[in-house]
Amino acid sequence: MIKIAIALSLLWQLAVILFQFWEPFRNKLGRLQFYLCGLLPTWRMFGPDPTDGDYQVYYRTAPEGMVDDAIFTEWRLVDYDLKPMLPFSLFFNPRGNIVKGLREICQEAIKASSDHNVFYQLLLNDLIRRYRQGQPAGTASTYLIQFQIRWQTPAALTPIFSSHAHPC
Amino acid sequence: MRIPVDWQSAQSCLQLIRWLLFLSLTISSVQNISNSAAFGPHGLFAWRFLKYAYREKGLEWAGLDIPFGRTGFILLNLLRLGLLAAGFANAFLPMVLPALLLISAILYIRAFPPMSAADQLNTILLFCLVPSAWSASPALRAVSLCAIAGQVLFCYFSNGLLKSIAPGWWKGSQLKILLQTGNYSRKGIAGLAAKTGQPVFRLLGTVIVIWELSAVIVPFLPAALLWTFLGIGVLFHLTIAVVMGLNTFFWSYLSAYPAILFSWQMVDHALRSFN
């Protein structure tokens with residue numbers, strides 16, 4: 001029994017090592033890796049590719065009905081990145097998950113070739129909710145909404161993706 | 001050669017790992033519940049859209065709309081909190097630990113965009129703790145502890161290796177830029193990082209890379225260096241939690257430290273038995 005446990009443990013460790021450094025093995029496992037929920041982990045924390053900036057999400061709106069020559073508002077930044085006070089964050093920092101999730105979603109959304117992309121839709125869905133929440137109660141008028149993803153580094157803020165305008 | 005297993009020490013290490021891991025999972029579930037609006041139909045992680053991404057991963061089952069909707073997500077987290085309460089009381093551990101592993105896996109699948117390396121490590125820890133709860137064999141408990149230590153030490157080493165091939169980490173430029181981002185820093189720290197000279201970051205970057213790479217030799221280090229390694233680790237994760245906002249990393253990685261201590265003790269016994 002104990003020998004089997006040792007053998008399985010060593011095999012698992014070997015699989016984790018291969019998974020990190022051997023691409024054919026990673027490709028062979030495909031979607032199985034996802035369903036192992038971390039038992040074959042991906043250890044890539046801030047390396048080798050540099051983390052030199054943040055995705056910033058902006059949106060603007062316009063009254064519906066003049067799609068071609070819509071008069072949009074100024075771009076407004078959606079601030080996903082509010083952090084709590086220092087001593088507290090060790091025990092409670094729910095924004096950390098939102099920020100991580102937003103990075104993943106933006107990473108995929110900027111590759112979207114159409115507005116049917118799941119991550120594009122997730123972002124749009126969230127922005128429509130935020131926009132509606134900011135409107136006075138009882139407002140029923142329809143608006144167009146457009147979002148833009150920008151890459152913010154210490155040196156520059158660069159637009160990298162613009163969505164179509166969608167009714168909301 | 002016979003390596004003695006210190007039964008009391010293994011038991012204490014497992015107990016400490018469980019408590020720290022349960023704390024990590026508790027924080028994670030409370031944060032999930034606090035973020036539950038994001039998992040609702042109009043949220044950033046809405047299942048009604050995200051489920052199409054799962055279809056590409058081969059998961060397509062209409063029954064998932066209930067547990068993966070907002071209410072289901074909250075209930076799964078509440079169930080996990082209930083199991084964690086039983087776990088903290090050391091009640092029904094042979095059933096509680098596999099149930100926690102199952103629910104944590106379901107939550108991992110549901111909430112994959114915000115899932116991090118800390119959640120992966122939590123799965124690994126739960127997976128290793130289950131056999132030790134099912135069997136009273138000291139040897140099996142020792143294997144569980146060594147498996148945890150092996151995984152976490154390899155995690156550090158692997159990260160160190162990846163950083164070491166990126167020249168920016170040795171020069172400190174990557175750390176300096178990282179601390180000026182909005183996602184992984186704070187306004188005060190970002191301002192300070194911008195003003196601080198490159199030599200400070202070169203030193204810090206080099207220390208981080210060497211510390212991570214040294215994980216692979218930890219079981220063979222003298223006791224004083226082992227404690228230095230662990231001390232740097234605690235400081236490293238505490239800084240990451242407070243400065244970068246990655247709080248669950250602190251608790252998840254700290255959970256594995258008793259296993260590193262135990263493995264060091266095993267290797268120490270083995271080496272002594274050669275003499």
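**About the numbering and the model.** Residues are numbered from 1 along each chain as its sequence is written, while chains are lettered from A and ligands are numbered from 1 in the order in which they are written. Because the model is predicted, local features need pLDDT of at least 70 and side-chain atom pairs count only at pLDDT 80 or more, whereas totals for chains, interfaces and linings use all residues.

**View 1. The side of chain B that touches chain A.** Here 63 residues of chain B are in contact with 53 residues of chain A, where contact means that the C-beta atoms of two residues, placed from the backbone, lie within 7 Å. Helix H6 of chain B, residues 138–164, gives the most to this side, with 12 residues; helices (H or I, at least four residues) and strands (E, at least two) are DSSP runs, numbered from the N terminus. Sorted by class, the residues on this side of chain B are 37 nonpolar, 22 polar and 4 charged, with Ala, Val, Leu, Ile, Met, Phe, Trp, Tyr, Cys and Pro counted as nonpolar, Asp, Glu, Lys and Arg as charged, and the others, Gly among them, as polar.

**View 2. The largest nonpolar core.** This core has 104 residues, and those with the most contacts inside it are Leu122(A), Leu123(A), Leu125(B), Leu145(B), Ile148(B), Val152(B) and Ile260(B). A nonpolar core is a set of buried Ala, Val, Leu, Ile, Met, Phe, Trp, Tyr and Cys residues joined through C-beta atoms within 7 Å, and a residue is buried if 20 or more other C-beta atoms lie within 10 Å of its own, exposed if 12 or fewer, and partly exposed in between. Helix H12 of chain B, residues 247–274, supplies the largest share of the core, 13 residues. When residues up to four places away in sequence are not counted, Leu145(B) touches Ala10(B), Cys13(B), Leu14(B), Ala259(B), Phe262(B) and Ser263(B).

**View 3. Helices H6 and H12 of chain B.** The axes of H6(B) and H12(B) are 8 Å apart, and the helices pack at an angle of about 115°, where axes are lines fitted to C-alpha atoms, for helices over the stretch in contact, and angles run from 0 to 180 degrees between N-to-C directions. H6(B) is therefore roughly perpendicular to H12(B), since angles under 35 degrees count as roughly parallel, over 145 as roughly antiparallel, 65 to 115 as roughly perpendicular and the rest as oblique. Their crossing is left-handed, a term used if the near helix is turned anticlockwise from the far one by less than a right angle, with right-handed used if it is turned clockwise. The contact includes Leu145(B), Ile148(B) and Val152(B) from H6(B), and Ala259(B), Ile260(B) and Phe262(B) from H12(B). By class, this contact has 13 nonpolar, 1 polar and no charged residues.

**View 4. Helices H5 and H6 of chain B.** The axes of helix H5 of chain B, residues 117–134, and of H6(B) come within 8 Å and cross at roughly 170°, so H5(B) is roughly antiparallel to H6(B). H5(B) passes H6(B) in a right-handed crossing. Among the residues that make the contact are Leu121(B), Ile124(B) and Leu125(B) of H5(B), together with Arg141(B), Ile148(B) and Val152(B) of H6(B). The classes here are 10 nonpolar, 3 polar and 1 charged.

**View 5. The loop between helices H3 and H4 of chain B.** Asn90(B) is placed in the loop between helix H3 (70–88) and helix H4 (93–110), and Asn90(B) has a positive phi of about 60° although it is not a glycine. Asn90(B) counts as exposed because 11 other C-beta atoms lie within 10 Å. Phe92(B) is found in the loop between H3 and H4 as well, and phi of Phe92(B) is near 50°, a positive value in a residue other than glycine. Phe92(B) counts as partly exposed because it has 13 C-beta neighbours inside 10 Å.

**View 6. His166 of chain A.** His166(A) is in strand E5 of chain A, residues 166–167, and His166(A) counts as partly exposed because it has 16 C-beta neighbours inside 10 Å. Leaving aside neighbours within four places in sequence, His166(A) is in contact with Leu124(A), Leu144(A) and Ile145(A). His166(A) and Ile145(A) are 21 residues apart in sequence and 5.2 Å apart in space, C-alpha to C-alpha.
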